[in-house]
Amino acid sequence: MKRLFLSLIATAIAFFSATQTLMAGNYKSFKVSIYTRAYEVEKMKDLHWLDSTWSIISSQLTVDKIYLETHRDLLIVPDKTLEQAKRFFEKRGIEVAGGITYTINESNNFETFAYSDPKDRKKVQEIAEHTARHFDEFILDDFFFTSAKTDVEIATKGSRSWTDYRLDLMTEAGRNLVLGPAKKVNPKVKVIIKYPNWYDHFQGLGFNLEKGPQIFDGIWTGTETRDPGSAQHLQNYLSYNIIRYFENLSPGRNGGGWVDQGGLQMSMDRYAEQLHLTALAKAREVALFAYHQLMGVQLSPNYRAPWQDQNTSWNYDAMVAPFKDAKGRTVKPTTMARIADVVLHQTDKLTSQLGNPLGIKSFKRFHSRGEAFLQNYLGMIGFPMDMHPDFATDQRVLLLTAQAAGDPELINSIRKQLQSGRDVVITSGLLRLEQERLDDIVELRCGELRAMVNDFGRYGKSSRDILIPQVQYYTNDSWEIVSAGRPLDGGVSGYPILHRALYSKGNIYVLTIPDDFGQLYDYPQPALKEIRRVLSRDLDAYLDAPSKVSLFMYDNRTLVVENFNDTPVDIAVMMNKAQANITDLLTGEVLNAVAPVIPDNPWFRRNMSTDVSFKMTLKPHSYRAFKY
């Protein structure tokens, strides 16, 4: 009993200490930090350079913490320089930690170490030991993977797949080349692994989300989404969704999110949204990559978007205007550091009023393949997502994508969910992969046949043709809820978009996903509303809105709606429980409920939503937040 009591006291002290550390910062909801590459840390041997560059950043950005990188591209920062830089920042009240980027030559296709090569293994260990000598905490930038296919790696891999080989290799390297040696040099050191934004492809390069979060002292999250139309093609919503997913992988140990300047060329709003979404996901810290960008990327009129004249959420003109600092001095903004500061302080006022995020739970099996990053597209059409590495058993509705395929208990888990009177929504991608195993529940098929559709009947028309897989079923064994054709009304055929089958006490739905996930944005608003209503039984609200409008829900009866379109949109927040009004968290404005219009047609009346709505117009790239 005495041991238990002492353990509880120690836990309480640790929690209080961590809370006080966070509260002692410059923000209410999170810390703000800067990551500094080895290139810039090496220059900090020149105190004049260090002081002048820090003056540029710190005059425009409020910073709590800085990460000083010891290695990148075989550049190892000397001991003397590291200690001098540490002292410089600590004297200014900035918390200091270390960092490592394990690249040989980042400009050469992100060339990584070959972790089976004895020479490379020795160098990796030396870097970890060097860093642990100077810091009690250091973070691995998101290159602790391997893409090497040297002759040594090919011979060592043998007949295994590259995925299986690399997963084992990098788990071993983490333990034996980084963690073990670092803690031998400095028993107090905490080693954090930062995972990048491309989570659905991790296994192919050796990032092991099943074991890595357990062996490292903490994890971090890359929330950079940049320009969705280039490079990685990551949707805006990922900046929020990935934080929540990693939090579910390792509860309480996800240190924060990480954003760089990518996307700034699209407009200041794209950069602002990444920071904003990282904070909306309740990240404990927001790291800005990187020191050289914050001092060197100059403010430009090109960052001012045309919609700025509409008094949107992010005011570029205010950001570039001279302002008074904490000491009353007038500062003229010069770099992107000012944008980050304004966005983070503005977002902090909101996130400090939000509870813990809620969403539609979705099961993503470890190392799964198929329908990659789909949940981020769904988030962009108004579905609050909550990805988990296991099959949730506490939800009235569960979403299953192709990422759940192959789980040996999948069908039994679905059956139990349905027999308990709850629902399951599966995607057409999961149906295609698991249709034979699903036969015991409902006999459906989704093969290679495709259909071109643009007419959703009473749910409206799309502005362009959409290519969808054909879901086939036995008439009267299951039913179409939302259908589409080309045309549907007066046409010759139609295909399921949302399909339903009964099993025991529950419903199993199939949601048809276009071949191009981006065409989900072309689904008509009434069709999206119906699909959202079905999936949102565990939430208090859902949206009646066009695509590229997202909903964020929290457990203290607060919500945020955000418009990622370049134009204003009319939306309604639908409440599936009695609610007379909702109050804007930031302005205090009260919106009153609008009762639904009941149609004369009894069939429509039987199948329509009777939920109350709260109507509003969202400006381009703007958000509103409410309590209810």
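A salt bridge, as the term is used in this talk, is a side-chain nitrogen of Lys or Arg within 4 Å of a carboxyl oxygen of Asp or Glu. By that criterion, the structure holds 42 salt bridges.

The model is predicted: local features need pLDDT of at least 70, side-chain atom pairs count only at pLDDT 80 or more, and totals for chains, interfaces and linings use all residues. Residues are numbered from 1 along each chain as its sequence is written, and side-chain values use heavy atoms, with hydrogens and water left out.

Let me begin with individual salt bridges. Asp200 pairs with Lys364, and their closest N and O atoms are 2.6 Å apart. What do these two residues tie together? Asp200 sits in the loop between β8 and α8 (212–215), and Lys364 in the loop between β15 (360–363) and α14 (374–380), so the pair joins parts that are 164 residues apart in sequence. Helices (H or I, at least four residues) and strands (E, at least two) are DSSP runs, numbered from the N terminus. Are Asp200 and Lys364 buried or exposed? Both are buried, where buried means under 20% relative accessible area, exposed over 50%, and partly exposed in between (1.4 Å probe, protein chains only).

A second bridge joins the side chains of Lys188 and Asp136, at 3.8 Å from N to O. Lys188 belongs to the loop between α7 (162–185) and β8 (190–195), and Asp136 to the loop between α5 (118–134) and β7 (137–140), so this pair ties together parts 52 residues apart in sequence. Lys188 counts as exposed, at 59% relative accessibility, whereas Asp136 counts as partly exposed, at 42%.

Lys577 counts as partly exposed, with 31% relative accessibility.

There is also a network of salt bridges, which links Glu69, Arg72, Glu106, Asp141, Asp142, Lys194, Glu224, Arg226 and Asp260.

I turn now to helix packing. The axes of α5 and α7 come within 8 Å and cross at roughly 35 degrees. Axes here are lines fitted to C-alpha atoms, for helices over the stretch in contact, and angles run from 0 to 180 degrees between N-to-C directions. The crossing of α5 and α7 is right-handed, that is, the near helix is turned clockwise from the far one by less than a right angle. Contact, meaning heavy atoms within 4.5 Å, involves residues including Val124, Ala128 and Ala132 of α5 and Leu177, Pro181 and Ala182 of α7. The residues of this contact divide into eight nonpolar, two polar and four charged. In this classification, Ala, Val, Leu, Ile, Met, Phe, Trp, Tyr, Cys and Pro count as nonpolar, Asp, Glu, Lys and Arg as charged, and the others, Gly among them, as polar.

For helix α3 (residues 47–58) and helix α4 (residues 79–91), the axes come within 11 Å and cross at roughly 35 degrees. This crossing, too, is right-handed. Leu47, Leu50, Asp51 and Trp54 in α3 meet Gln84, Ala85, Phe88 and Phe89 in α4. By class, six of these residues are nonpolar, one is polar and one is charged.

In soluble globular proteins, nonpolar side chains tend to be buried together. A nonpolar core is a set of buried Ala, Val, Leu, Ile, Met, Phe, Trp, Tyr and Cys residues joined through side-chain atoms within 4.5 Å. How many residues does the largest nonpolar core have? It has 119, and Phe89, Leu61 and Tyr271 are among those with the most contacts inside it. Helix α13 (residues 336–351) gives the most to this core, with eight residues. Apart from it lies another core, of 41 residues, among them Phe143, Ala182, Ile193 and Tyr195. Beyond four places in sequence, Phe89 touches Met44, Leu50, Trp54, Ile66, Leu68, Ile94, Val96 and Tyr291.

Ile508 counts as buried, at 3% relative accessibility. Leaving aside neighbours within four places in sequence, its contacts include Ile414, Leu418, Val424 and His499. The C-alpha atoms of Ile508 and Val397 are separated by 9.4 Å, although the two residues are 111 apart along the chain.
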